[in-house]
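Hello,

Here is the structure we talked about.

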Amino acid sequence: MEHFLISNQGINTYLEYELDETQEIDTLCMGMVKNNKIEGMLPVVFQQIDKRRYFKYTITSKITLNKFLEREVSRHKLLRIMESILKALMEGEEYMIPPSVCLLEENKIYVDSHTGEAFLICLPILDGVKAADIRLFFKNLLFQAKYESGEDNSYVAHLIGILNQEEKFCVSLFLREVRFLLGERGKGDTKETFNKPRERKVSLGKQHEEKKVQPLEKKPQESIGEIGQNLLQPERKGEIEKTKQGDMVWEFELDSETHKEEKNKKRGFFGSLFQKKSRERSFDSFIDSGEEPVFEFLMPGQEEPIHAKLEPSEIDIAPIVKSFVEDTPIPADFGGTTLLNEDKYDETSLLQEWGTERHSEPYLIRNQTQEKFYINKSVVRIGREKQQVDYCVQENKAVGRSHADIITRGQRYYVMDLNSKNRTFINGQAIPSQQEMEIMDGDCVRLANEEFIFHT
């Protein structure tokens, strides 16, 4: 929205929304957000100077969701973001804050890059905000995210399948699915039981039956939100498995027979079951008995093993081994350290030609260590959170976790502060947050108290 501006006051960064003369404040909603600490929502302060009215939200050390998703995101962090957004929507309804006043836009949702928690902006204006399509928002979020290649990302298809269902979208049910994916799936669980709606059986006991009850440990009174969350535990059959998630302990009942059977089976590299029977006998034992050897092996993506019969002549590898051993000389330094990029013919390698640069990219030199790093991407992020940045400044805690971006646009270069607490400076001048400021060759870029010299 065009009404939003970023301002810096001391170490704090604020997002300000200026109301025009025609907009009316929803006083009930405003009071709820201002006077209650609602989980997953940014605190808001209302200010009026003469006829100008503002809502101010603290966004210090937080980055927008679209900035966060510019980099590859892990399964855990993406699910945690989705969970915190869904929780904020549900918490808001408990305080009579409708979802229509919450801004579901990727550039208006702020994320703590360390915890992965997302925060919504509540804009308490009467008839001033167009209600967002929650289902469409989460579908776009899943489609636009960049996923880590080494993880199992099958959960994405599962969530998109739920969002594509024709039934009316339910925030609480979708939150339950996200929380289930954040925990560990029961080992005896099948795809059918996973897709079934999960309910928790609550036993009230017999009111008229006299029992000796052990005194319970006194616990703090649960809030309405916590009671609703506790009722979302999944239903299973058989023995119980507990999975701890944050402050909550989930109890999963597993089918006893299936659980024991799956636990005893060993799995191969591709997740397929080893055929233990085929490993108990050697090939020589088949030859001595006169039987035809049958080997079973599994292909990735297939559940049934492939049976192969081999004749003794087909696996006679002795001549091959002998030829390989005789023809392959053993180096004199066998077992020593191998040098990377070692020249095969012991010739002198030319590092670079005289009068030419090895790299044509611009670079920054860190003054404290004289370390040089190149600006070889369209956006290079600098900060203290190793998993979220391209250049990590671990030993300086004054630098923010995701402090600033160096942005390349053609042959021009810019610095953008990411709402850092200790600010970003160009040649000693503090720059505003979330605004691209151009830098030139020789400029000094300072992140908190960490100085870099920029060169093109």
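Arginine 409 is partly exposed, with 46% relative accessibility. (Buried is under 20% relative accessible area, exposed over 50%, partly exposed in between; 1.4 Å probe, protein chains only.) Its salt-bridge partner is glutamate 436, at 2.6 Å from N to O. The pair links distant parts of the chain: arginine 409 sits in strand β16, glutamate 436 in the loop between β19 and β20, 27 residues apart. Glutamate 436 is partly exposed too, at 31%.

This is a predicted model: local features need pLDDT of at least 70, side-chain atom pairs count only at pLDDT 80 or more, and totals for chains, interfaces and linings use all residues. Numbering runs from 1 along each chain as its sequence is written, and side-chain values use heavy atoms, without hydrogens and water.

The whole structure holds 15 salt bridges. (That is a side-chain nitrogen of Lys or Arg within 4 Å of a carboxyl oxygen of Asp or Glu.) Another joins arginine 366 and glutamate 395, closest N and O atoms 2.6 Å apart. Arginine 366 lies in strand β12 and glutamate 395 in the loop between β15 and β16, so the pair ties together parts 29 residues apart in sequence. Arginine 366 is buried, at 2%. Glutamate 395 is exposed, at 53%.

Now the sheet. Six strands form an open antiparallel sheet, ordered β13-β12-β22-β21-β18-β19. (Strands are DSSP runs of E, at least two residues, numbered from the N terminus; two strands pair if DSSP finds at least two bridges between them.) β13 and β19 are the edge strands.

Best wishes

Note on methods
Helix = DSSP H or I, 4+ residues; strand = E, 2+ residues; numbered from the N terminus.
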